[in-house]
Amino acid sequence: MADDGKVTWTGKVARQTTPAAIASAQGASLPDDLVCARFNGRLADLQEPLIGNGTLEWVFCDSPDGLEVIRHSLAHVLAQAVMGLWSQSQLALGPATEEGFYYDFDSPRTFQTADLERIERAMAEIIHEDLRIQREDWSLSDARACFTSPYKRELLDGLVPDADQGTVTVYRQGSFVDLCRGPHVSRTGRLRPCAFKLLSAAGAYWRGDENRPMLQRIYGAAFAAPEELDDFLARREEAIRRDHRRLGQELDLFSVRSEAPGFPFFHPKGMVLRQALERFWREEHLRRGYLEVQTPVLLREELWHTSGHMQYFQDNMYFSAVEGDRYALKPMNCPGGMVLFKRRLHSYRDLPLRLAELGLVHRHERSGTLHGLMRARCFTQDDAHIFMTPEQIQGEIEDVLELIDHVYSAVFGFSYHVELSTKPDKAMGEPDIWDMATEALAEAMRAKGMSYQIHEGEGAFYGPKIDFHLRDSLGRTWQCGTIQLDFLLPERFQLQYIGRDGQRHRPIMLHRVLFGSLERFLAILTEHFAGAFPTWMAPVQVMVIPVYTRSLDYAQQTVRFLNSRQIRAEADDRPQKMGYKIRDAQTQRIPYMLIVGDREEEQQTVSVRRRQEELGRRTKDEFAAMLTEEIEKRRRPETALAGLSETK
RNA sequence: GCUGGCGUGGCUCAGGGGUAGAGCAGUCGAUUCGUAAUCGACAGGCCGGGGGUUCGAAUCCCCCCGCCAGCUCCA
């Protein structure tokens, strides 16, 4: 057997032959990193009797499948450890996850952070004992008799037992027995080279249903090697350092206060970021034939009946009553766009009509879901509603796809993937309309040669959508842009245009956002750049730092010079040493520092420091020209990791 | 919303029945210094809010509010 995982074995398998036996027959002892086997495409334990002929592949711990099995086995070790410590606990479920594993318990013990360490030690002991992990086939009735936990019972009831044998698989390690599909590593000692760490304990609903009991879930991270776990933990630490709520505080960008939970306040510096983003957004849209509009935030309730929001979105809406009239705060911009389209009769010559709006929407979000700017109760959608004829659908979708690609890839340097979200359970309109709209979106993506995944049942209530998920510098993905094709709202609002034939026709509408939410996009950028924004966005682009107090006049003169060239520059006039001010500017992620002392003043130059890098002396004109170009081209830092958060 | 944890000066945190502390930031003064923290003084808090227990509560108990993690939900 080779250790590269590619070696396969093909042949007739006698009943009761196991992968382990085959490996032994090949004359090798089982290597430590062999996790399990894949027999005819299905994962199997090393000790599992194989049935029929087929191809056997070895699965090692460095493969995705191998790692998943290891994590799953660790979940069992966790369960065994918890049962050993608190035997009154009942087991629910414990699968592998993206980075590790978890197990859900119903336990009289409320797990505390301090317990995690204790559990970890118990787990290490179980691994040290090198218990055999035994797979067993049980009859359904035996299983029912053994597993008294209501959760296991429910799982048993949901299982369709093998039609002939009526058996379920059970795994045993020492005194611990768990109902499980498997596969698992053959002995707990096989987990020894792996690295794991228990991360947290928190509540989780049984089967993810908020109407069912809440269990306690213990999360762990696990990797095949200690270095990978270290990497993972380091990435987690970095994510905490970059958290936009923390940077929002440190860089004085925004805050959410208890006076308005979920409704963010933007500070002057945060406002500069917003405006930079908005200016950029307007440029891109005006260039592409969009017209900007603004629709009211508060509209009469009647309108929301027409749009279907009262029926499908009411739980997320805020209401108000004045002079006996009932109003709703808009949770979406589309109905306002509809009203605008209807303000007069349109000709086919007006189409496509692209109405763009930076619209502030309000949605009631449950308190536990709020998360800084990422999840707020009001946010600005960078919306557009494109009204068009059927023939224009394809071209319009393609144009939006291009716009989004330009902004994500070229300007911000994000990679992204695309999903097509289809009809949800709670949806308005007929299935054939949905099919038509979904197909049109798919067709546009095919025409552009884009690959996409299907996201079943995740569409909006009025139409299917294309979702854009971008990947940030820490490898996390965020849903931002969407394109939604809507045949229903134009119908409900009875939109019309006069066609070339002189007859009235119904337009079709495209909803789309690019950033999704301006606030959330800013949060993503904050974390992606670790607060070290590209110069064109930076709240303060240049900090002029006088070396001596006597240099302050020259520093202020330099600031005025830069301000007159539309550069956001400030002078640090505090009576502090230069190093102090440099450190401060660095901490504030200001992209450029200009050091000015006697030498600079004499020659009318500035000493340029770009973040940590000294660029030497330039004339003021040279520096301004260089910066203006960088700003106008909206150049971004070499890597998003530039100017990191740590203190030297 | 649910489960658990947490709320002490602008920020980060110590104190856990005897009446409030540090560092940073701020103000004032001294220091004139060349690429990541100069020194000193001063000022700043009804210890999230409301009830209760107690001679006495930041500290113990109850109820609210907010924040954090996870679940559920989502741009």
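1. The surface near RNA strand B divides into 16 nonpolar, 18 polar and 20 charged residues. Near means that one heavy atom of the residue lies within 4 Å. Ala, Val, Leu, Ile, Met, Phe, Trp, Tyr, Cys and Pro count as nonpolar; Asp, Glu, Lys and Arg count as charged; the others, Gly among them, count as polar.

2. This is a predicted model: local features need pLDDT of at least 70, side-chain atom pairs count only at pLDDT 80 or more, and totals for chains, interfaces and linings use all residues. Side-chain values use heavy atoms, with hydrogens and water left out.

3. Of the 54 residues around RNA strand B, Tyr205, Arg375, Thr549, Arg583 and Glu600 come nearest. On the RNA side, 48% of the atoms within 4 Å of the protein belong to sugar or phosphate, and the rest to bases.

4. For Gln479, the distance to a sugar or linking oxygen of RNA strand B is 3.3 Å.

5. Helix 17 gives the largest share of the surface near RNA strand B, six residues. Helices (H or I, at least four residues) are DSSP runs, numbered from the N terminus.

6. Helix 8 (residues 268–287) has 20 residues. Just after helix 8, Gly289 takes a positive phi of about 80°.

Note on methods:
Residues numbered from 1 in each chain as written. Chains lettered and ligands numbered in written order. Helix = DSSP H or I, 4+ residues; strand = E, 2+ residues; numbered from the N terminus. Expected span 1.5 Å × (residues − 1). Polar contact = N/O pair within 3.5 Å; in protein donor to acceptor, adjacent residues only side chain to side chain.
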